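Here is a brief report on a protein model.

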Amino acid sequence: MAIITIEEEAFQKQRPDFSQFPAAGFTRHQHDYQFTQDFMDGQFRAVLRVSDDGQVSGNVIDRSTGEEYLPLRAIHCGPFAAQVKAAYIDLLHEIARQCFTAVPFHGNQANRLATWINQKFHDQPEFVFKKLPDYAAFREPQSQKWYGLVMNIPWSRLTDKGAHGKDKVEVIDLRCPSQQQPALLKQDGVFPGYHLSKKNWICVTLDDTLPDVAIKEMVQASRHLLTKPRAWLVPANPKYYDIMHAFVDSDTITWKQSTKVRVGDTAYMYVSAPVKAIIYRCRVVKTDIPYDYQGPELKIKRVMRLRFEKEYDHDRFTLAYIKQHGVTSVQGPRHVPAELLKELEK
């Protein structure tokens, strides 16, 4: 297992902003940028180097001898060496604050992907595990479900065929329909889901094995599984609203919203007694509209806009009929069972 250096640890998830280097005290050399500063009352000198590709290395020189002070790099260093190490780390963190930019992940491809996801969907990575700080989820806002989980894991968890010279690799778990999984698993860099279900997820390495464009397509497909339009059965009580004449003057109405309905979803309006049948199919065109109403038996805090699409014969989708197709009751908004949806879509 590779041992991480003090410098590598201090600059994890940091990327240099070379435009800020001169102001921070860096000077340009032939192959890198260098920074020199004395610390601990001039007893020691830190020499830091940053390559053009962002790799950071450094040395601590004991000014009394002119030689590198190696005790601070020991696994178990003495009290004085620990003091030197702590002062050096503080200096590194200050340099990072001045002329480095924090990024969410270790690898370049993972960070490029996070930037694209933010630009495309406005979704930010959520670091949800306190004990696993390198794990971050991407969540679809309305369903609040994950469509991606980025992890930094040992290569050995995925394969025993070598790790390209590295101990760990960043990966992203993505949702995947089971029928598409076999074809995807034939690609280099794609494995069965890790940490999540192997039946409905795939695990993709973020080490440039696959090009960004291919991974972006997989991310979009994963997120789309959570944003596909859904069908709702919405009850309407003629006691509170004249639903039978709702679309006489306009093809759009405002309706109480009490579920996580999305724009583009379908709403099938079930009218309770005395009709007891589904009579309208509507399209949700706007959601989460603030509304303030409170009556003796009804309280409304938000509404949605529904656009009329179709009217059914009132004796077609009766309560008796829909009970035979997976609906036990219509007490509130609910998903339409697949069996009934097939009949409604005919």
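## Exposure and backbone

Buried means under 20% relative accessible area, exposed means over 50%, and partly exposed lies in between (1.4 Å probe, protein chains only). Asp41 is exposed, with a relative accessible area of 81%. Asp41 lies in the loop between S3 and strand S4 (44-51). Helices (H or I, at least four residues) and strands (E, at least two) are DSSP runs, numbered from the N terminus.

Most residues other than glycine have a negative phi, and most peptide bonds are trans. Asp41 is not a glycine, yet its phi is positive, about 55°. Lys13 also has a positive phi, near 55°. Lys13 sits in the loop between helix H1 (6-10) and strand S1 (14-16). Lys13 is buried, at 17% relative accessible area. The peptide bond between Ala273 and Pro274 is cis, with omega about 10°. Pro274 belongs to the loop between S15 and strand S16 (277-294).

## Basis of the model

This is a predicted model: local features need pLDDT of at least 70, side-chain atom pairs count only at pLDDT 80 or more, and totals for chains, interfaces and linings use all residues. Residues are numbered from 1 along each chain as its sequence is written, and side-chain values use heavy atoms, with hydrogens and water left out.

## Salt bridges

How many salt bridges does the structure hold? There are 18. A salt bridge here is a side-chain nitrogen of Lys or Arg within 4 Å of a carboxyl oxygen of Asp or Glu. One of them joins the side chains of Asp38 and Arg63, at 3.1 Å from N to O. This pair links distant parts of the chain, 25 residues apart. Asp38 is in strand S3 (residues 32-39), and Arg63 is in the loop between strand S5 (56-62) and strand S6 (67-68). Asp38 is partly exposed, at 30% relative accessible area. Arg63 is partly exposed too, at 43%.

Glu94 and Arg97 form another salt bridge, with their closest N and O atoms 2.6 Å apart. Both residues lie in helix H3 (residues 79-99). They are three residues apart, about one turn of the helix. Glu94 is partly exposed, with a relative accessible area of 30%, while Arg97 counts as exposed at 59%. Glu7, Glu68 and Arg73 are linked in a network of salt bridges.

## A buried charged pair

Arg223 and Asp123 meet in a salt bridge through their side chains (2.9 Å, N to O). The pair links distant parts of the chain, 100 residues apart. Arg223 is in helix H6 (residues 212-227). Asp123 is in the loop between helix H4 (108-121) and strand S8 (136-140). Are these two residues buried or exposed? Arg223 is buried, at 11% relative accessible area. Asp123 counts as buried at 4%.

## H4 against H6

Two packed helices are described by the angle between their axes and the distance between the axes. The axes of H4 and H6 come within 11 Å and cross at roughly 50°. Axes are lines fitted to C-alpha atoms, for helices over the stretch in contact, and angles run from 0 to 180 degrees between N-to-C directions. H4 and H6 are therefore oblique to each other. Under 35 degrees counts as roughly parallel, over 145 as roughly antiparallel, 65 to 115 as roughly perpendicular, and the rest as oblique.

Contact means heavy atoms within 4.5 Å. On the H4 side, the residues that meet H6 include Leu113, Trp116 and Ile117. On the H6 side, they include Ile215, Val219 and Arg223.

## Two loop residues

Gln257 is placed in the loop between S14 and S15. Gln257 is buried, at 4% relative accessible area. Leaving aside neighbours within four places in sequence, Gln257 is in contact with Thr287, Asp288, Arg302, Val303 and Met304. Gln257 and Asp313 are 56 residues apart in sequence and 26 Å apart in space, C-alpha to C-alpha.

Thr259 is found in the loop between strand S14 (252-256) and strand S15 (266-271). Thr259 is buried, at 16%. Beyond neighbours within four places in sequence, Thr259 is in contact with Trp232, Arg302 and Pro333.
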